[in-house]
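Take a look at the model below.

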Amino acid sequence: MASRTANFCIDAHDPRAQAEWWAQVLDDFRPVEEDDDDEVALTGPAGRELIFLRVPEAKTVKNRMHMCLRPVDRSRDEEVQRLLDLGATIVNDLRSDDSGWAVLADPEGNEFCVLTTPADEAGITQH
């Protein structure tokens, strides 16, 4: 039997703010109620967690690993705009009309990608 992911740990200056931001991004992850502001978790499918850990140092280089998101109820471009409205920033825009992705950063600078949806790839407008 192979291993399965249990959680992903993400360094943060403000773990609670990061967890709250990512809970708005990922509709299948919910906050875990805890009083600890140094380690704040979101629980997702199959009990997997995103754990935000307080660290003193700032992010200074590109992530060695990052999440890629695929929107489920809107187009890639609509999702990119939603995330920008939540406070994400564009790091690299690799989108074309029917393919590609956008590299964004969360409020603390951690990169992630937004991929096309099956509707984008089929040329179907979603609403």
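Glu111 lies in strand β8. Helices (H or I, at least four residues) and strands (E, at least two) are DSSP runs, numbered from the N terminus. This is a predicted model: local features need pLDDT of at least 70, side-chain atom pairs count only at pLDDT 80 or more, and totals for chains, interfaces and linings use all residues. Residues are numbered from 1 along each chain as its sequence is written, and side-chain values use heavy atoms, with hydrogens and water left out.

Is Glu111 buried or exposed? Its relative accessibility is 13%, so Glu111 counts as buried. Buried means under 20% relative accessible area, exposed over 50%, and partly exposed in between (1.4 Å probe, protein chains only). The side chain of Glu111 makes a polar contact with the side chain of Lys59, at 3.2 Å. A polar contact is a pair of N or O atoms within 3.5 Å; within protein, one must be able to donate a hydrogen and the other to accept it, and residues adjacent in sequence count only if both atoms are side-chain atoms. Residues up to four places away in sequence aside, Glu111 touches Lys59, Lys62, Asn63, His66, Met67, Val91, Val103, Leu104 and Ala105. Contact here means heavy atoms within 4.5 Å.

Now the rings. A search of the whole structure finds 3 aromatic pairs. Trp21 and Trp22 form an edge-to-face pair, 5.1 Å centre to centre, with 85° between the planes. Rings of Phe, Tyr and Trp (its six-membered ring) pair if their centres lie within 6.5 Å; planes under 30 degrees apart count as stacked, over 60 as edge-to-face and the rest as tilted. Both Trp21 and Trp22 are buried. Trp22 also pairs with Phe112: the ring centres are 4.9 Å apart and the planes stand at 70°, so this pair is edge-to-face. The pair links distant parts of the chain, with Trp22 in helix α1 (residues 15-25) and Phe112 in strand β8 (residues 111-114), 90 residues apart. Both Trp22 and Phe112 are buried. Trp21, Trp22 and Phe112 form one aromatic cluster.

Pro15 is also placed in helix α1. At 0% relative accessibility, Pro15 counts as buried. Which residues does Pro15 contact, leaving aside its neighbours within four places in sequence? They are Asp37, Asp38, Val40, Phe52, Leu53 and Arg54. The C-alpha atoms of Pro15 and Phe52 are separated by 4.9 Å, though the two residues are 37 apart along the chain.

Next comes the sheet. Four strands make an open sheet in the order β1-β4-β3-β2, with mixed pairing. Its edge strands are β1 (7-12) and β2 (30-31), each pairing on one side only. Strands of a sheet pair through backbone hydrogen bonds, either parallel or antiparallel. Two strands pair if DSSP finds at least two bridges between them.

Go across it strand by strand. β1 and β4 (residues 49-54) pair in the parallel sense over 6 bridges. Phe8 stands opposite Leu50 in β4. β3 and β4 pair in the antiparallel sense over 5 bridges. Here Leu50 in β4 is the bridge partner of Leu42. The hairpin of β3 and β4 has 5 residues between the strands, and Ala46 takes a positive phi near 60° there. β2 and β3 (residues 39-43) pair in the antiparallel sense over 2 bridges. Arg30 stands opposite Thr43 in β3.
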